[in-house]
Amino acid sequence: MIINQNFFNKSRMLPVDKFLENVLYDKKKGYYTSKIPFGYKGDFLTAPGISNLFSEMIGIWLVTTWNTLRKPKEFNIVELGPGNGSLTKILIKLFKRFPEFNKATNIFLYEKSSLLRNLQKKNINHSKVKWTKNFNNIKKGPIIFFGNEFFDSIPIKQFTRKGSLFFEKHYLLNKKNKIDEVYKKASIKDISKIKKFKVLNNLKFIEFPKLGLNELNKITKKISKLSGGLLLIDYGYLNSKNENTLQSLSNHKRNNIFDNLGKADITSLVNFSLLNEYFIKNNLKVKKVVTQKFFLEKMGIIERANHLSQKMSFKEQSNLYLRLKRLLDTKLMGNLFKVIFAYKFKKNNFLGFE
Ligand SMILES: C[S@@+](CC[C@H](N)C(=O)[O-])C[C@H]1O[C@@H](n2cnc3c(N)ncnc32)[C@H](O)[C@@H]1O
């Protein structure tokens, strides 16, 4: 077991989210700032890397959303956490087929890792795409944010509740350079934030996405100002879990969280009921949370695959359908991945959810 002291502070003890923030996003040694994690040669595959059809469906959803809004002359789309840029790369290609939409649309990318930002610039290399650090360069709306596996990569806090008392989980680097879990009294600020969520009410073990909600605060403020929405696709659950959902992946295999620090990915399952409650509290409307399978099938992914397959060799067809199966199969990504759309528009008829 390799434990890297560099991810701890002088007191050798950190709350879970601060520790994960160092492990994943430290400017020099963080996982996402020092390693390209995507693809067969990396640690994991995400939907845009599995099949271009996934990205095409997101593209078609964006075009139809713009249509539903009666084709605004200026329309902004922001990809959250674009990874290696493969989703936006497909969007650019697809949008050329919709010239009026293409003319109206500004594309922004929101990325924390400078390594990945540079990779995106290299892979996309298109004058239409701009990067944004705080959304300040987006002045006129509407604005649609969207992110695949964005929220799960933002570190969470963990707490236990004993009666009316809350304790926050910390990691302590002990004298043998191994990591122990210790619990310290939670701060009053955090307790009051947790107590605001009905979905966390009766839990003994609580995962709280404080940093993720800070990100959503910036996004919901922008949506409230300009009108717009947020589409999130992620792996997660609807019925409360009373358990630790942190998981680590290295080279496409499960990895002990404390092994390969800075060299392996660490994520948590997203609590979609909490997101739902958060959006409603922030005066956004929310479409019913659906599975990835439901969303993609409603968007016509099977019809698109059937159409494309007509001009393919047998080998290409089997590759196409194998990848489609991975996205849709209920034992693979189909059910575990969920889709939520929160928005501020008078219209309600957005595709993919009914
Ligand atoms: C698991 S990857 C997903 C990449 C891509 N969306 C995909 O589906 O392949 C998470 C991405 O979100 C970025 N990210 C995580 N937290 C972020 C934050 N707070 N602000 C901006 N980007 C963030 C990561 O650097 C990375 O690009």
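**Entry 1. Chain and overall dimensions**

I counted the secondary structure of the protein chain: 13 helices and 17 strands. The model is a predicted one. I then looked up the dimensions, and the C-alpha trace spans about 60 × 45 × 35 Å along its principal axes. I checked the radius of gyration against the globule rule: a compact globule with 354 residues would have a value near 20 Å, and the chain has 21 Å, so the two agree. For burial, I noted that 55% of the 354 residues count as buried.

**Entry 2. Ligand site**

Which residues come nearest to the ligand? I found 20 residues around the ligand, with Tyr 25, Thr 46, Gly 81, Glu 111 and Asn 148 coming nearest. Glu 111 places a polar side-chain atom 2.5 Å from an oxygen atom of the ligand. Asn 148 uses its backbone instead, with an N or O atom 2.7 Å from a ligand nitrogen. Glu 215 has a side-chain N or O atom at 3.3 Å from a nitrogen atom of the ligand.

**Entry 3. Charges over rings**

I searched for charged ends placed over aromatic rings and recorded two cases. Tyr 25, listed above among the residues that come nearest to the ligand, has the charged end of Lys 112 over its ring, 4.8 Å from the ring centre. Tyr 237 has the charged end of Lys 241 over its ring, at 5.4 Å from the centre.

**Entry 4. Aromatic pairs**

I listed the aromatic pairs and got 23. I took Phe 19 and Tyr 171 as one example; the pair is edge-to-face, with 5.1 Å between centres and 70 degrees between planes. Where in the chain do Phe 19 and Tyr 171 lie? Phe 19 is in helix α1 (residues 16–25) and Tyr 171 in strand β7 (residues 165–173), so I noted a link between distant parts of the chain, 152 residues apart. Phe 19 and Tyr 171 are both buried.

I then looked at Phe 135 and Phe 145, an edge-to-face pair at 5.0 Å centre to centre with 75 degrees between the planes. Phe 135 sits in the loop between β4 (129–131) and β5 (143–148) while Phe 145 is in strand β5, so the pair ties together parts that are 10 residues apart in sequence. I noted that Phe 135 and Phe 145 are buried as well.

I also recorded an aromatic cluster, formed by Trp 61, Phe 295, Phe 341, Tyr 343, Phe 345, Phe 350 and Phe 353.

**Entry 5. Two single residues**

Is Leu 80 buried or exposed? I read a relative accessible area of 0% for Leu 80, so this residue is buried. Leu 80 belongs to strand β2 (residues 75–80).

Buried means under 20% relative accessible area, and His 170 has 9%, so it counts as buried. What does the side chain of His 170 reach? I found the backbone oxygen of Glu 168 at 3.0 Å from this side chain.

Definitions and conventions: Residues are numbered from 1 along each chain as its sequence is written. This is a predicted model: local features need pLDDT of at least 70, side-chain atom pairs count only at pLDDT 80 or more; totals for chains, interfaces and linings use all residues. Side-chain values use heavy atoms; hydrogens and water are left out. Rings of Phe, Tyr and Trp (its six-membered ring) pair if their centres lie within 6.5 Å; planes under 30 degrees apart count as stacked, over 60 as edge-to-face and the rest as tilted. Helices (H or I, at least four residues) and strands (E, at least two) are DSSP runs, numbered from the N terminus. Buried means under 20% relative accessible area, exposed over 50%, partly exposed in between (1.4 Å probe, protein chains only). A charge sits over a ring if NZ of Lys or CZ of Arg is within 6 Å of the ring centre and within 35 degrees of the ring normal. A residue is near a molecule or strand if one of its heavy atoms lies within 4 Å of it. A polar contact is a pair of N or O atoms within 3.5 Å; within protein, one must be able to donate a hydrogen and the other to accept it, and residues adjacent in sequence count only if both atoms are side-chain atoms. The radius of gyration is taken over C-alpha atoms; the globule rule is 2.2 Å times the number of residues to the power 0.38.
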